[in-house]
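Reader: I am new to this structure and would like to know what lies behind the words used for it. Could we go through them one at a time?

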Amino acid sequence: MFRLVLELRGLTKHFPVAYGEPVRAVDGVSMTVAGGELVALYGPSGSGKTTLLMLIAALLEPDSGEVLLDGRDICRLSPREAAGYRLRDLGFVRQSLNLIAGADVIDNAALKLLGTEMGARKARKQVGPLIERLGLSERASHRPEELSMGERQRVMIARALSTDPKLVLADEPTGSLDSQRGEEVLGMLSDICRERGVAVVLVTHDPQATAYADRVHALRDGRLAEHVASRALAPADAS
Amino acid sequence: MKLSSIARLYRVRLRARIVQEMFAVLGIAVGVALLFASQVASTSLDRSAQQLTRGIVGQMRFQLAARDAQGFDARLLSQVQAIPGVRMTVPVLEASANLVGPEGSRSVDLIGTDPRFARVGGQLVRSLRALRFTKLKALIVPAPVAEAIGDSSLQRVELQLGERAIAAVVIPQLLRGPAGGLSGSPVAIAPLGYAQRLTGMSGRLTSVFVGSSPASDREVLAGLRRIAAGSLNVRPATFSEALFDRAAGPTNQSTGLFSAISALVGFLFAFNALLLTVPQRRHLIEDLRLDGYTREMIVEVLLFDALVLGVVACVVGLALGELLSSALFESSPGYLSFAFPIAPRRIVTGTSVALACAGGLIAALVGVLFPLRRAIFSPRGGSESAPARAARRGTSWLLAGGLACLAATTVILLAAPAAAIAGVATLALALLLLLPLVLEGLTGAFDRLQVRFRGASSYLAVIELRSPANRARSIAVAATGAIAVFGSVAIQTAHGDLQAGLNQVAHGINSTTDVWVSPAGGANSLATRPFEGAAARRLRALPAVRSVSVYRGSFLDVGDRRVWVVAPPREVARPVPPGQLLEGSARLARQRFHAGGWVILSRAIAQERGLHIGDLFVLPSPRPTALRIAALSTNFGWPSGAIMLNAEDYARAWGSSDPSALEVALGPGVSPAAGVAEIRRVLGVTGLMVQTAAQREQHFRATGRQGLSRLTEISALVLVATVLAMAATMGAMIWQRRPRLAEMKVDGFNRGVLWRALLWEAGLLLGAGCSLGALFGLYGQLLLSRALVRVTGFPVDFSPGLLVALASFALVTATAMLIVAVPGAVATRVRPAVSLRE
């Protein structure tokens, strides 16, 4: 088995509301993810999946608990260190609506690398193999509006992996795709991450998406309610 | 972050927002152009006057100058030469004249001087050294001036001096100033003796320039003051620069005020154009943050956006400003040429460029960074209910901020009208802060009303207006309309008030009689040249003439102001034109004017000296005379200020009974035209011009318009910019709307419904924006008009510009609705598939 990359310890985030009990978005979550492993967080809308991802991405500060990446607690990072962590150690795959309109596939994929000290020319060159691996070589000079939804999502995966991160967070990556395209995208994501030893946390409410996970955690009301073994969540169970 | 990465990121994003970026560039460029052009116009005037003065006086240090056109005895020259420390002296006789050639006439300043002046004077007169100056019996005039009157060389032309018309020979000559550019100055230079003979002032001088070493300045000054004995002026040789600066100040100030406000309007257009791109930039910031960009890196990316935008806008703006300043904003001295013989040329200084560019860059920085400040600097944490709370808090802040800005504007209006630019800025800010609330209120009211309508279009319009996703864009559209109407109403109405004020003066001063007779020449439009007045007796003898009264007037240097002295006949019924009294009772002022011994003073002059009504004011005339202040007035349209007294008091103070004009009242049944013809017949060949009161008033009005030409051009530019900005904003709004229209088509709405919904939405946005803009524009008018009175002292006839407000509202709304109606109809043809693709 691969080495442990991510560990969550008693992670809690509550949101106060004006009148009433606070919303327990994430409530004492603990879990681990190893390098090359794909862990799916499965749950209905409002179950706290996205909040959990935000906590892991150091975009929210937890009320309590720890997020350890390679043993380092990222909750204690300064804003600048947190940004560096997201830039180099983390990849974020979200729904494909956020590609830069007017920029071609290579530029969109190289966005993260532009934030490093690499320089534009080298950044464009560096994402070439990744683009090819994701089957986008023929479409490299196309703009988002000329791509299918599946292709756009693959560009997002290329961007997330462009800095060789240790961890990828995927937030409903198949949300806007049909089942066939969704399977293609998830297949590529899991294969590449496994090849590279990258840990993946996949957040979804699509039961089919969980089929690509090594482990599936069900999330309800901010708690990890159950642990479903792996790659075996049937659509019937999900409902 | 590497610069190449920032540049790459900018370039790839630009493709998708090039149109909006161009609108923003255009808005900022208009502001930069206006700032630059007005700066160049002001600088050109000031620098040209400076070059002319230095071109004449050279290294001379002091000047002993007469206070009137009669000058002083030339024998004083030897007394000046005898002052210890005086190295050299140059006698000068200066007189206003009119050159009439085969193709036209030009007013010139006739300068008679000693040949020595060609050796010791400035570069302008040194260019005469080549000529055998002393023996010359001709006038040397700059070649362009000779050309303007149709004189080629050594031709005989008519020289009109006061009542007389004399034949003279003109030699066109290229004159060079310090910067090689004074060739168009309206001067005519002649040997002193010849000039004295032409003017009939043998043995008289109007000034003596004195050269001395700095070490003996005190001694020389004391000697000059002793000789002046309180009836001549002793001052630095270059003093006319200060006089000109003071005279040009109000025009420059009002131009600067209008330009700054126009620039503000231009920058606000740019700001609104940038607001249209806020959603895109906000998405970018969210993405970059997720991808690990630090705040500093995000700011670097946005700063680069602003820098490119600002630099491009500055380049375009400077090019546009160059065009404006050379084609429209001529640095014409206008009516200042009555008292200062200058022909300015365009002078561009580094300061003008730097000021305009700084304005453009600041506008770009604020436009890009300000709307995104929350997205950039929001903390890492947060709560799910934050947006709702922020919205509630936002509404309260908007209301509080808007009211605070309105209060600040009112304080400026009442307590510090001179700070009008700041006042307009706070007013514009109040408008922008209150606009979202007005829009929200109007949308709510429309929502309650629209349930009575049949059809879905009004319903869709309300949905779109209430959608948080559309909020920034909706406010940007409404704000563009609001600022457009606000700017054009404020500037046009204030300009109208100023023009009306000048027209009042023109009517009030000229309508006191039927026919005016005064020395010819454009520079004598204000009747400031005295003449012998021998014609008066002949005119009184005419059967068509009921009476001939003597009007006196001139320019008088009071401190560093060249003031217009207006001295109507004592018996005139209403000496002060209506609306010109700022302090004091009109009835009492009239009584005191008739009684004599009283003076009506421009408020600016009184304030400068701490004088009030009833105080004694010593008129620094050739015979200094103490008069009491009857009332305080505007400057009657003459920037340096005006002094009014009756013609008899004037004669005493000047020691001369020469008139400056004859006011001829015609007998019953004699038309002004017939009267003028009869008077011209009797006068024969003369240096006098004869005008009906109406003609003279028209001439005054035209001169006033010329003086305000820059302001007129700015007003027109603001209107053009307004229409362009609205076209651009509405075009951008419709183009951005296509995917949403496609989505609605997927939901089953047809083209007609969508088109009507667009019209409803645009109508509501513009209704809220333009009506609020018109209202605030009228407040802006009040602010600007008050500032013009206070700061410049110009006569301003304030009347609320409701008609202008309505016209601007209608023009902007109609333009925008037309743009929505036509391209909107095309946009609604969008294929439903577009929503799926995008």
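Reader: What percentage of the 239 residues of chain A count as buried, and what makes a residue buried?

Author: This is a predicted model, in which local features need pLDDT of at least 70 and side-chain atom pairs count only at pLDDT 80 or more, while totals for chains, interfaces and linings use all residues. Residues are numbered from 1 along each chain as its sequence is written, and chains are lettered from A and ligands numbered from 1 in the order in which they are written. A residue is buried if 20 or more other C-beta atoms, placed from the backbone, lie within 10 Å of its own, exposed if 12 or fewer do, and partly exposed in between; by that rule, 50% of the 239 residues of chain A count as buried.

Reader: Why is helix α15 of chain B called largely enclosed?

Author: Helices are DSSP runs of H or I with at least four residues, strands are runs of E with at least two, and both are numbered from the N terminus. In α15(B), residues 457-466, seven of the 10 residues are buried, so this helix is largely enclosed by the rest of the structure. Among the buried ones are Leu460(B), Val462(B) and Leu465(B), and the cover over the buried residues of α15(B) includes α14, α16 and α24 of chain B.

Reader: How do you know which residues of chain B touch chain A, and how many are there?

Author: Two residues are in contact if their C-beta atoms, placed from the backbone, lie within 7 Å. On this criterion, 27 residues of chain B are in contact with 34 residues of chain A. The elements giving two or more residues to that side of chain B are α1, α9 and α10 of chain B, and α1(B) gives the most, with eight residues.

Reader: What makes strands β17 and β18 of chain B a pair?

Author: Two strands pair if DSSP finds at least two bridges between them. Leu619(B) stands opposite Thr625(B) in β18(B), and the two strands form a hairpin with five residues between them.

Reader: Which other strands pair with β18(B), and in what sense?

Author: Strand β16(B), residues 598-602, runs parallel to β18(B) and is joined to it by five bridges, with Ile600(B) opposite Ala631(B). Strand β15(B), residues 581-583, pairs with β18(B) in the antiparallel sense over two bridges, and there Glu583(B) has Leu632(B) as its bridge partner.
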